[in-house]
There are 2 protein chains.
Amino acid sequence: MPKAAAKVGVNGFGVIGKRVADAVSKQNDMKLVGVSDVVGDYRVKLGEMKGYQIYASVPEKLPDMKKAGVEVAGTLEELLRKIDVIVDCTPAGLGAKNKVMYDKAGIKSIFQGGEKHELTGSSFVAQCNYEENLNRGATRVVSCNTTGICRTVGTLQNTIGVKKARVVLFRRGTDPWESHKTGLINTVVPEAHIPSHQGPDAQTIIPKLNITTMAARGPFNLGHLHFAMVQLKGEPEKKDVLKALKSAPRLAPVRISDGVDSMNAVAEMMRDLGRVRADMWEVAYWEDILDVTDGEANMVYQVHNESVVVPENVDAVRALTGLETEGSRSIAKTNEAMGIGNKFL
Amino acid sequence: MPKAAAKVGVNGFGVIGKRVADAVSKQNDMKLVGVSDVVGDYRVKLGEMKGYQIYASVPEKLPDMKKAGVEVAGTLEELLRKIDVIVDCTPAGLGAKNKVMYDKAGIKSIFQGGEKHELTGSSFVAQCNYEENLNRGATRVVSCNTTGICRTVGTLQNTIGVKKARVVLFRRGTDPWESHKTGLINTVVPEAHIPSHQGPDAQTIIPKLNITTMAARGPFNLGHLHFAMVQLKGEPEKKDVLKALKSAPRLAPVRISDGVDSMNAVAEMMRDLGRVRADMWEVAYWEDILDVTDGEANMVYQVHNESVVVPENVDAVRALTGLETEGSRSIAKTNEAMGIGNKFL
């Protein structure tokens, strides 16, 4: 187990990358050595203003980045030589190509949920399978939706036991920063396949979970809303389900009775909490909508697609580098550094 | 059984009322005697242009309606004396007060899903319980969402048999004509209670149906999208489920493979079909999304909230007046007159 702080790089300074860089910077057992991208836009410039060393992911892009006014410290290849682990936050599908480069540089690598499980042979949700990822060469932090399912349904699986889970996901249409992609107006687009990919993806984390999922995209960008109908083992009551959920990390209750009656109310609470970018690293479940009847828990929860996986990436750094052998201790460290709890009020 | 055409009035010329008036006008065993409202706005004027006799639902509003330029034929009380049955399409909750007036006039009355089942003691979906409503004094056509559930899940219940149905409803935020009500922008609002009211409401039609529902409203107005997860009896395959659905009236398949990949694509198809107001009286289910695994049918279907109950109201007229003793024959007549089928292509 290395005594020194883990030296971390982030490749791709987009929605996830810029947040992971901020989160890594806050950990006292990690050092953010640099971030890498292919443009010198406002996001990269804001990273530079925070003191992040900027690298060019593709050497050919370096001159343009300099021309844009960014002081580029070097190429990604040079960054890789200075770090122990890279968090790959490049667009989905680039991971396979990038991994060759990371492996050649002899460093550990963490990918996002847009990559296939097969790329690393291992996937990651800290509270579910941290220890399985200990000292591995590479892992994949699953997507926001899968993370949401693993934290909620996974908690029920690991405490009460799940006979069968059915989850319907209403996904955000685009991310807030995207106007160049097609946004949805006044429509809903169902996923063409049942089960949607999130169900099988959750099984990469919790292989024995009996789950099926259906999904659709709608005209909103505040996050995802999941409707979970979970048949439980035994005859648990609502208090048993709540006890399990409240004991789990990174799950926090919200209540209609507090006026939190919608996705936008949850988002507004994050703004009022002073969260940077109004991020919500926790999965917010409605405590007073939750119903448990005949051993079946029906619940609604909100997943902030832009930020929910960020603490997971931090924990993945500790798992791969062996900085911390126990998941619960890594989770506690990350939570402490970032201000993550399991309640908002 | 009356030999003469049923004399029908419509009280409330809004979203449902104007459509019911049009639909009744198309039946050769009914006569639309008049419609009644409390304003003389563009909708009422367009009704007048179609030749509908306009009445004032409240005598005090008659002068204003005349002042607006509408030739008012009289008051609702006068209309009631000329008809056999009234279809009440007034805003939800007014039914109870109105029913006193209808009963006093000695005519039969049909209410909409915004009223309570207890108002009439009977609810109505033609293909489920027409015969139970035969010659009754009053009935309630259930809401669009409940109608959608009864047609789809009800069909499976009556053919294959349902162990348990779970339906998640993604409801439209407002109706297209409404800008005075709060529309939703960029959010989703979950129903505060589980089960949402549609599950128990479906049981007013199909008492033995084991069903639970969850619902939310989203920022779109093209209709509702339902995600149904239905545990079936026996071990049916997809072909068995499709056979049942395709044999039922007022259910029509749509296919991703035809480019019908979203709510707006379904709506566009209705426009291209030349449907008045782009109405869709059928429930549209995705044939190629439908999955049947381990005896559980998971399906997505779209319900056009503005029009799906319109043919039901026409059938309810026949049931209450005894114009037709068999539901299947009434459905066939209504469908023929309105151009309703069980396929679009």
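**Exercise 1. Find which residues touch the most other members of the largest nonpolar core, and list what V8(A) touches.**

Solution. In this predicted model, the largest nonpolar core has 212 residues, where such a core is a set of buried Ala, Val, Leu, Ile, Met, Phe, Trp, Tyr and Cys residues joined through C-beta atoms within 7 Å, and a buried residue has 20 or more other C-beta atoms within 10 Å of its own, with C-beta atoms placed from the backbone. The members that touch the most others are V8(A), V153(A), V317(A), V8(B), V153(B) and V317(B). Leaving aside residues up to four places away in sequence, V8(A) touches V24(A), M30(A), K31(A), L32(A), V33(A), I83(A), V85(A), V87(A) and V317(A).

Residues are numbered from 1 along each chain as its sequence is written, and chains are lettered from A in the order in which they are written. Local features need pLDDT of at least 70 and side-chain atom pairs count only at pLDDT 80 or more, while totals for chains, interfaces and linings use all residues.

**Exercise 2. Work out how many residues of chain A are in contact with chain B, and what relates the two chains.**

Solution. Counting as contacts those residues whose C-beta atoms, placed from the backbone, lie within 7 Å, 31 residues of chain A meet 31 residues of chain B. The side of chain A that touches chain B holds 20 nonpolar, 8 polar and 3 charged residues, with Ala, Val, Leu, Ile, Met, Phe, Trp, Tyr, Cys and Pro as nonpolar, Asp, Glu, Lys and Arg as charged, and the others, Gly among them, as polar.

Next, chain A is superposed on chain B by a rotation of 180 degrees with 0.0 Å of shift along its axis (RMSD 0.0 Å), fitted by least squares on the C-alpha atoms of residues with pLDDT of at least 70 in both. That is the relation of a two-fold axis, and in chain A the C-alpha nearest the axis belongs to P219(A), 3.2 Å from it. Finally, 100% of the interface residues of chain A are also interface residues in chain B, so the copies meet through the same surface.

Definitions and conventions
Buried ≥ 20, exposed ≤ 12 C-beta atoms within 10 Å, placed from the backbone.
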